[in-house]
Structure formats: C-alpha cells, structure tokens
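Here are my notes for a first look at this structure. Please read them with the view open beside you.

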Amino acid sequence: MSLTEVELPLVRGDLPERVAEFLAEADRRVDAYVQANAERFNGFVASDYVTVYHALRAIEQRQLAAGSAFCEWGCGFGVVASLAAMLDFNACGIEVVGELVDGARQLAEDFDLPVEFVHGSFVPRCEVARAEQASSENSQDHFWLVTDADDAYDRLGAEQEDFDLIFAYPWPGEEVVIEELFDANAARGALLLTYDQFDVVHLYRKTS
Ligand SMILES: C[S@@+](CC[C@H](N)C(=O)[O-])C[C@H]1O[C@@H](n2cnc3c(N)ncnc32)[C@H](O)[C@@H]1O
C-alpha cells in the first residue's frame with residue numbers, strides 16, 4: 001500500500017453555534033431512526049460527530065487537502081458530509097440504504113447545505129472482487145460493507161480519483177479493506193480520514 005499516516009492533533013474548542021444546532025438536530029434524527037430500527041440491523045452506526053468535526057476543521061485549517069472535493073463513503077444520515085459542506089468542502093455522500101439517503105437529503109436541505117447524496121455503493125465495479133474476498137475472510141459478527149450493490153459513481157458524475165478527501169467509518173475488521181479500496185483508486189495526494197469505534201480518527205495520504 002502507498003498510504004502514509006498524517007499526524008492530526010485535534011484542538012477540541014467550542015463548536016460554532018450553527019454547527020452545534022445542526023448536530024443537536026442530527027443526533028435527534030439519528031436516535032429516532034436507531035430506536036425505530038432496533039430490531040433490524042442494517043449496518044448503520046453513527047460516528048462521534050464532534051470528534052469528526054474537529055478532525056475536518058484541523059484538515060481545513062492546516063490546508064492538508066489538495067482541493068475541496070469531499071466524499072463520505074457509507075454516509076448514513078450524511079452528517080459528516082454536511083459538516084464538510086459547513087467547512088466549505090464541495091461535499092457528497094454515497095449510501096446503499098435508500099431510507100438513509102432520504103434522511104441525509106432532508107437533513108441537509110433543512111439546514112440549507114449544498115450536499116449531494118447518491119444511492120448506491122462506493123465500491124467501484126472493478127473492486128467488488130476485493131471487497132467480497134475481504135468480507136469472506138472477516139471473522140467479526142457484523143460486516144457492514146455491502147458488496148453486491150451497483151456503484152454510485154455514474155450517478156454522481158465523478159470517480160473516486162476525483163476526491164481530495166474521503167471519510168469512512170469502517171467497522172472493526174474492515175479497516176484494511178477500506179484502506180485498500182482507497183489506495184487502489186484514489187488520486188496521488190488524496191486523503192482518507194477514518195473514524196474508529198474508540199473515538200479515534202486516523203488520516204492517511206496516498207503518497208505514490
Ligand atoms: C458504520 S455506518 C457509518 C455511517 C456514517 N458514515 C457515520 O459516520 O455516521 C456505515 C454505513 O455504510 C453503509 N454502507 C455499507 N456498505 C456500503 C457500500 N458498499 N456503499 C455505500 N454505503 C455502504 C451502511 O448502510 C451504513 O449506513
């Protein structure tokens with residue numbers, strides 16, 4: 001792999017009022033969705049949005065990204081893509097569960113945020129075999145990465161290599177396949193930001 005980890009010290013200051021208001025409403029909608037779907041696990045688990053916001057803000061303030069094109073892989077309610085839009089990234093999100101795409105669109109629209117959400121898979125057609133292999137080798141109880149859905153890039157009118165910064169929240173056991181998928185198709189210099197269950201973020205740059 002040609003990924004290099006980039007140090008990203010987070011300064012956890014107060015949230016801007018607009019961001020705090022947005023996150024309060026996002027938390028309300030996410031909680032309602034999770035409660036209503038408690039019996040029907042579909043792979044959606046929310047990251048810690050305050051931590052991810054501080055990470056995005058650090059990337060923006062340090063001008064670490066080569067450009068402003070941002071994509072959230074497996075965006076759920078699209079909260080991270082919407083936070084990226086608040087930081088002036090040109091943001092989109094890809095999600096395989098239709099009702100989550102609807103929820104993401106509604107939330108962004110209610111806060112006047114210019115984010116595009118697309119229904120489909122972030123795994124490009126040419127990488128499905130790699131994703132399936134990882135899924136068959138994963139020994140964890142849950143595997144959220146859906147491998148049998150059509151990819152969303154045609155609908156988005158963009159390819160993975162067009163993005164300067166991609167965010168994903170892989171489940172335990174899926175970190176490596178997410179890094180491999182990124183490495184295989186991202187542009188040189190592009191960044192991958194990941195969140196893990198222990199409230200930690202990692203930032204990687206594709207260096208060659
Ligand atoms: C762990 S959740 C993270 C949600 C969101 N990014 C966040 O941080 O709150 C992973 C999401 O990825 C979606 N997903 C899984 N495989 C996918 C795929 N191949 N393409 C698009 N979305 C996918 C799931 O439906 C789920 O909503």
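1. What radius of gyration does the protein chain have, and what would a compact globule with 208 residues have? The chain has 16 Å. A compact globule of 208 residues would be near 17 Å, so the two agree. Keep in mind that this is a predicted model. Along the principal axes, the C-alpha atoms fill a box of roughly 45 × 40 × 35 Å.

2. Next, the inventory. The protein chain has 7 helices and 7 strands. Starting at the N terminus, the elements come in the order β-α-α-β-α-β-α-β-α-α-β-α-β-β.

3. Now the sheet. The 7 strands form an open sheet with mixed pairing. Across the sheet the order reads β1-β7-β6-β5-β2-β3-β4. At the edges stand β1 (3-6) and β4 (116-119). Each has a single partner strand, so one side of each is left without a neighbour in the sheet. From one strand to the next, the twist averages 25 degrees.

4. One pairing can be followed in detail. Strand β6 covers residues 191-196 and strand β7 covers residues 200-206. They pair in the antiparallel sense, over 6 bridges. Pick out Leu192: its bridge partner in β7 is Tyr204.

5. Which strands does α3 touch as it packs on the sheet? They are β2 (69-73), β3 and β5 (165-168). The direction of α3 makes about 175 degrees with that of β3.

6. The ligand comes next. There are 26 residues around the ligand. Ser47, Gly74, Gly76, Ser121 and Val146 come nearest. By class, the shell has 18 nonpolar, 6 polar and 2 charged residues.

7. Last, a helix pair. Two packed helices are described by the angle between their axes and the distance between the axes. Helix α5 (residues 128-137) packs with helix α7 (residues 175-185) at about 170 degrees, the axes being 10 Å apart. That angle makes α5 roughly antiparallel to α7. On the α5 side, the contact involves Arg130, Ala131 and Ala134. They meet Val177, Glu180 and Leu181 in α7. By class, the residues of this contact are 4 nonpolar, no polar and 2 charged.

How values were computed
Residues are numbered from 1 along each chain as its sequence is written. This is a predicted model: local features need pLDDT of at least 70, side-chain atom pairs count only at pLDDT 80 or more; totals for chains, interfaces and linings use all residues. Axes are lines fitted to C-alpha atoms, for helices over the stretch in contact, and angles run from 0 to 180 degrees between N-to-C directions. Helices (H or I, at least four residues) and strands (E, at least two) are DSSP runs, numbered from the N terminus. Angles under 35 degrees count as roughly parallel, over 145 as roughly antiparallel, 65 to 115 as roughly perpendicular and the rest as oblique. Two residues are in contact if their C-beta atoms, placed from the backbone, lie within 7 Å. Ala, Val, Leu, Ile, Met, Phe, Trp, Tyr, Cys and Pro count as nonpolar, Asp, Glu, Lys and Arg as charged, and the others, Gly among them, as polar. A residue is near a molecule or strand if its C-beta atom, placed from the backbone, lies within 6 Å of it. Two strands pair if DSSP finds at least two bridges between them. The radius of gyration is taken over C-alpha atoms; the globule rule is 2.2 Å times the number of residues to the power 0.38.
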